[in-house]
Amino acid sequence: MTVAAPSATKLPNYVNGQWTESAASEWQDVMNPATGEVLAQVPLSGPAEVAAAVSAASTAFPEWRRTPPEDRIQPLFKLKQLLEEHFDDLARVITRENGKTFGEAKGELRRAIENVEVACGIPTMMQGYNLEDVARGIDEIMIRQPLGVIAAITPFNFPGMIPFWFLPYAIATGNTFVLKPSERVPLTMKRAFELLDQIGLPKGVVNLVNGAKPAVDALLDHPQVRAISFVGSTAVAKYVYARAGANGKRAQCQGGAKNHVIILPDADMESASQIVSDSAFGCAGQRCLAVSVAVTIGDAQKAFRDSIADTASKLRVGNGLDEGVKMGPVITKQSKSRVESLIGVGEKQGAKVLLDGRNTRIPKYEAGNFVKPTILDGLPATSELANTEIFGPVLSLIHANDMDEALAFLERNPYGNQASLFTSSGSAARRFRYAAPAGNIGINIGVAAPMAYFPFSGWKDSFFGVMHGQGRDAVEFYTEKKVVIERWAKEHSRKF
Ligand code: NAD
């Protein structure tokens, strides 16, 4: 029987269809980054709690796997409905614990729902293929089967969207699921699991374990976890990929980013600066697809610099729930001081601080972690900072003489999550699309986030693995291929 989630501020786990109080010895405060208010306490669950969740998922697997795909997607239709009904309520939870604006929170929820919708197509997407008469009277078929227990480990910056890059596909393909959300933003998934509890899934199909590194390590080492979907910083992505691999699990690990945009002189400067400003400073720069280096070419330098400085300086910063606010705080006090110290590093490395967001104080929100939009003009392309992920509202401007030089900067970038170009030339756009060393490409687009039916295609240090999240790649990742070769009675093959 399902029991209601405890109303106390101590967050429960959700295991085997029940909210369970954690036995964790360590708990962490969940803070509102705009106000400094403590919203709840999250348990840092240990291996025993992870084992209980994996065991529930493992027990649920055989029956769930036998459930026809058509029946498996029915709860997802209900989930879509509930997510729509609770849309604003969930978005508010995202803003309170993550800090992004209410509008941005609604944007990420829309993308979460899109993944639920796409996973409803599993009866078509999961089909295999076949060929009759690979030899006389012999047929061959390829079937996709689910793996078993899938674990997903997700970051703080999209508390509502990223778990849904994985959960709908994993369960629609017949797997069972354990989620370990970011311990900094656990409230959104608590709310989402209250909805998941109502959609008629058998107990154990989806489970939620709150925690940090020890919980992740327990998932990576658990023999019944077959696959790991991870999103977070590059250092942790590499670690998770290596440890999952050493334990014989398949893994898809999305890492950090440093995204460049190239601005050609023939671009529409007003629109380019508006779009790049949204990309660099939206979500306070805490998006893995945020543009953080703008490379201007030729005459674009002055026009773009003046235009972006003007646009960015007008952005209203504050509590994301307040009307008219366009940019919220960064996630923690530590993050604020790290971002501010990296701005200082940029200055030391030769950049001019064109717009300085350090030491921001927002009236009524003195305890908030605010950094206003910052622009580092003329950051040397060879400086370390040019290739360091800042993950805050900081845009560096670099100048190049031509597209060759600009593309060389991109080649030196260890990350390959996204690259964008602003131009009105089709041939420049084609050249860029062909040559840019990144997996998500934007042409006159600032945040080239693939729709749910396309793979989220990070490259280089932004991704470790083969199959990406979302769409057809998700189906490949969450299923195992089985090939069957069949020969039947001779009479039958002779008859026709
Ligand atoms: P993070 O790496 O600190 O944490 C991600 C997850 O890993 C969390 O669930 C956390 O509990 C766990 N974790 C943290 N340290 C760990 C350790 N030492 N061992 C095992 N597990 C550990 O990332 P974050 O700060 O939450 O998120 C921001 C990062 O995520 C940025 O680098 C950003 O670029 C990246 N990101 C990438 C994508 C993408 O699609 N490539 C999307 C969103 C965020």
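Predicted model: local features only at pLDDT ≥ 70, side-chain atom pairs only at ≥ 80, totals over all residues.
**Ground rules.** I number residues from 1 along each chain as its sequence is written, and I work with side-chain values from heavy atoms, leaving out hydrogens and water.

**Aromatic pairs.** I paired rings of Phe, Tyr and Trp (its six-membered ring) if their centres lie within 6.5 Å, calling planes under 30 degrees apart stacked, over 60 edge-to-face and the rest tilted. I got 8 aromatic pairs by this rule. I looked at Trp-165 and Phe-456, a tilted pair with 4.7 Å from centre to centre and 40 degrees between the planes. Trp-165 is in the loop between strand 7 (149–153) and helix 7 (167–172), and Phe-456 is in the loop between strand 19 (440–443) and strand 20 (459–460), so this pair ties together parts 291 residues apart in sequence. For these elements I used DSSP runs numbered from the N terminus: helices are H or I of at least four residues, strands are E of at least two. I find both Trp-165 and Phe-456 buried (under 20% relative accessible area, with a 1.4 Å probe and protein chains only). I also noted a cluster in which ring pairs link Tyr-14, Trp-19 and Phe-193.

**Charges over rings.** I counted a charge as over a ring if NZ of Lys or CZ of Arg is within 6 Å of the ring centre and within 35 degrees of the ring normal. Lys-10 lies over the face of Trp-27, 4.4 Å from the ring centre. The charged end of Lys-100 is over the ring of Phe-158, at 3.6 Å from its centre.

**Gln-252.** I placed Gln-252 in strand 11 (residues 250–254). Gln-252 counts as buried because its relative accessibility is 2%. I found its side chain 3.0 Å from the backbone oxygen of Met-467.

**Ligand.** I listed 30 residues around the ligand, and Lys-180, Glu-183, Ser-233, Gln-254 and Glu-389 come nearest (a heavy atom within 4 Å puts a residue on this list). I then looked up oxygen atoms of the ligand. One lies 2.8 Å from a backbone N or O atom of Thr-154. An N or O atom in the side chain of Arg-184 is 2.8 Å from a ligand oxygen. For a backbone N or O atom of Gly-232, the distance to a ligand oxygen is 3.2 Å. The ligand on its own has 840 Å² of accessible area, and the protein covers 89% of this (Shrake-Rupley method, 1.4 Å probe).

Definitions and conventions: Buried < 20%, exposed > 50% of the residue type's maximum accessible area, 1.4 Å probe, protein only. Polar contact = N/O pair within 3.5 Å; in protein donor to acceptor, adjacent residues only side chain to side chain.
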